[in-house]
Amino acid sequence: MAPPKVASTQTSPLVTLWNSYNDQTPARLKVIDSFLVFIMLSGIIQFAYCVLVTTFPYNAFLAGFASTIGQFVLTASLRSQVNPASREQFPNVSPQRAFADFVVGSIVLHFFVFNFLG
């Protein structure tokens, strides 16, 4: 005889995390998070291409991969500075100032990446 089925009211931790993220995260942070996922996937694809296909223009791979890592770090910094939950950690940094720092940092990063390409 099969044991009786008990109705489970527990949900998966991933479902709980996803629902909490959708309910509590502002739209601006979701846009930044989607850009972070895009940058991460771009870096994974570049690394996989280098490992599986070729490393012929090695300086191009290094420049592209360094660009993805640098842009990820700059974007993660932007996210932490504009997050309303971490406002007390950055009391003197407005969201406009954080975005200006992000833009200037990105320009400097890509200037060095472009020069590294040759």
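## Helices and the place of Val 82

A helix here is a DSSP run of H or I with at least four residues, numbered from the N terminus. Val 82 has its place in such a run: helix H3, residues 58–82. The model is a predicted one.

The protein chain has 4 helices and 0 strands. Read from the N terminus, its elements run α-α-α-α. The radius of gyration is 21 Å, well over the 13 Å that the globule rule gives for 118 residues, so the chain is more spread out than a compact globule. Along the principal axes, the C-alpha trace spans about 75 × 45 × 20 Å.

How much of the protein chain counts as buried? The figure is 24% of the 118 residues. The accessible surface comes to about 8900 Å². Carbon and sulfur atoms hold 71% of that surface.

## The largest nonpolar core

Which residues make up the largest nonpolar core? It has 8 residues: Leu 29, Ile 32, Leu 36, Leu 78, Val 82, Val 93, Ala 98 and Phe 102. Helix H2 (27–52), H3 and helix H4 (95–117) each give two or more residues to this core. The largest share, 3 residues, comes from H2. There is a general pattern to keep in mind: in soluble globular proteins, nonpolar side chains tend to be buried together.

Is Val 82 buried or exposed? Its relative accessible area is 18%, and buried means under 20%, so Val 82 is buried. Leaving out residues up to four places away in sequence, Val 82 touches Leu 29, Ile 32, Arg 87, Pro 95 and Ala 98. Leu 29, Ile 32 and Ala 98 are also listed in the core. Val 82 and Ser 94 are 12 residues apart in sequence. In space, their C-alpha atoms are 7.6 Å apart.

Val 93 is another member of the core. Beyond residues up to four places away in sequence, Val 93 touches Gln 81, Arg 87 and Ala 98. Arg 87 and Ala 98 also touch Val 82.

Thr 68 is found in helix H3. Its relative accessibility is 11%, so Thr 68 counts as buried. Setting aside neighbours within four places in sequence, Thr 68 is in contact with Ile 39, Ser 42, Gly 43 and Gln 46.

Asp 33 lies in helix H2. At 14% relative accessibility, Asp 33 counts as buried. What does Asp 33 contact, leaving aside its neighbours within four places in sequence? The partners are Tyr 21, Thr 25 and Arg 79.

## Phe 35: partly exposed

Phe 35 is also found in helix H2. Why is Phe 35 classed as partly exposed? Its relative accessible area is 33%. Partly exposed covers values between the 20% limit for buried and the 50% limit for exposed, so Phe 35 belongs there.

Not counting residues up to four places away in sequence, Phe 35 touches Gln 71 and Thr 75. Phe 35 and Phe 72 are 37 residues apart along the chain. Their C-alpha atoms are separated by 8.7 Å.

Terms used:
Residues are numbered from 1 along each chain as its sequence is written. This is a predicted model: local features need pLDDT of at least 70, side-chain atom pairs count only at pLDDT 80 or more; totals for chains, interfaces and linings use all residues. Side-chain values use heavy atoms; hydrogens and water are left out. Buried means under 20% relative accessible area, exposed over 50%, partly exposed in between (1.4 Å probe, protein chains only). Contact means heavy atoms within 4.5 Å. The radius of gyration is taken over C-alpha atoms; the globule rule is 2.2 Å times the number of residues to the power 0.38. Accessible areas come from the Shrake-Rupley method with a 1.4 Å probe; for residues, only the protein chains shown count as cover. A nonpolar core is a set of buried Ala, Val, Leu, Ile, Met, Phe, Trp, Tyr and Cys residues joined through side-chain atoms within 4.5 Å.
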